[in-house]
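Trainee: I am new to this structure and would be grateful for a close look at a single part of it.

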Amino acid sequence: MHPLHVVMSVVIMRITGGSAGFVDATVLVLIWLTKQTVGSGLLSAPEVVTAANGGSVTVACRYDPWYRGYTKYWCRGAVYILCSIEATTMWDGGRSFIADDKEAGVFNVTMTSVRYRDEDVYWCVIRQLGGDIKTRVQLKVSDTVTEVTPTDATMALNHDEIGWWATLRWILFILMLGCLISTHIAVWRIQTAKKKNMSATTTSPSQVTSINN
């Protein structure tokens, strides 16, 4: 698990006092935003790759240096939890194999003798406790593969879109964290006020005896 995920889990537990009853939709959204904000930069790969029928294709899956020592997978299937593992850094899968360049922070997945039946959704995966890190790749097969180089304007637009979404997630994250802290403070104040009212309305035995005398 990434260090920031651990830190946020500890912060949330401190804020809520470790009480399961206080973990509401706000906390769940906060956890989701944390995973999305941090996870968005941990693993990346091309959304679509095209291979020539009968040829080979290599997919570069770039990852955060923190995960150098983790096991990597290449998995096939539109639904991740049902996908079949084609290859890992521990073993090759026949026509598929993985080369992990830990210094560069990228594992390259190579598929050989690609056929039309290989067209499908694949996943670059880093196995970790608490939830795998994954990114989706669509493989297409064609008789002729034409390499399209994106224009500078398109690359700039994509970069701006990614930066805008990352900034928005951080803003939402901070707002939700502030909301969670404010809610906790409000609950604490209400509980404190109730205790004071109960103390004020409760008459001690010594006071009752003094009144009777």
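What is the torsion about the S-S bond of Cys61 and Cys124, and is the disulfide left-handed or right-handed?

Mentor: Please bear in mind that this is a predicted model. The torsion about the S-S bond of Cys61 and Cys124 is about -45°, so the disulfide is left-handed. The pair links distant parts of the chain, for Cys61 belongs to strand E3 (residues 57–63) and Cys124 to strand E8 (residues 120–126), 63 residues apart. The S to S distance in this link is 1.9 Å, and both Cys61 and Cys124 are buried. A disulfide is a covalent bond between the sulfur atoms of two cysteines.

The whole structure holds 2 disulfides. Besides the link already described, Cys75 is joined to Cys83, with an S to S distance of 1.9 Å. The link of Cys75 and Cys83 is right-handed, with 100° about the S-S bond. Cys75 is buried, as its relative accessible area is 4%, and Cys83 also counts as buried, at 15% relative accessibility. When the bonded cysteines are numbered in sequence order, the pairing reads 1-4, 2-3.

Lys72 also deserves attention. Lys72 is part of strand E4 (residues 72–76) and counts as buried because its relative accessibility is 0%. The side chain of Lys72 makes a polar contact with the side chain of Asp100 at 3.1 Å. A polar atom of the Lys72 side chain also lies 2.9 Å from the backbone oxygen of Tyr70. Beyond its neighbours within four places in sequence, Lys72 is in contact with several residues, among them Tyr63, Phe107, Val125 and Ile126.

Terms used:
Residues are numbered from 1 along each chain as its sequence is written. This is a predicted model: local features need pLDDT of at least 70, side-chain atom pairs count only at pLDDT 80 or more; totals for chains, interfaces and linings use all residues. Side-chain values use heavy atoms; hydrogens and water are left out. Helices (H or I, at least four residues) and strands (E, at least two) are DSSP runs, numbered from the N terminus. Buried means under 20% relative accessible area, exposed over 50%, partly exposed in between (1.4 Å probe, protein chains only). A polar contact is a pair of N or O atoms within 3.5 Å; within protein, one must be able to donate a hydrogen and the other to accept it, and residues adjacent in sequence count only if both atoms are side-chain atoms. Contact means heavy atoms within 4.5 Å. A disulfide is a pair of cysteine sulfur atoms within 2.5 Å.
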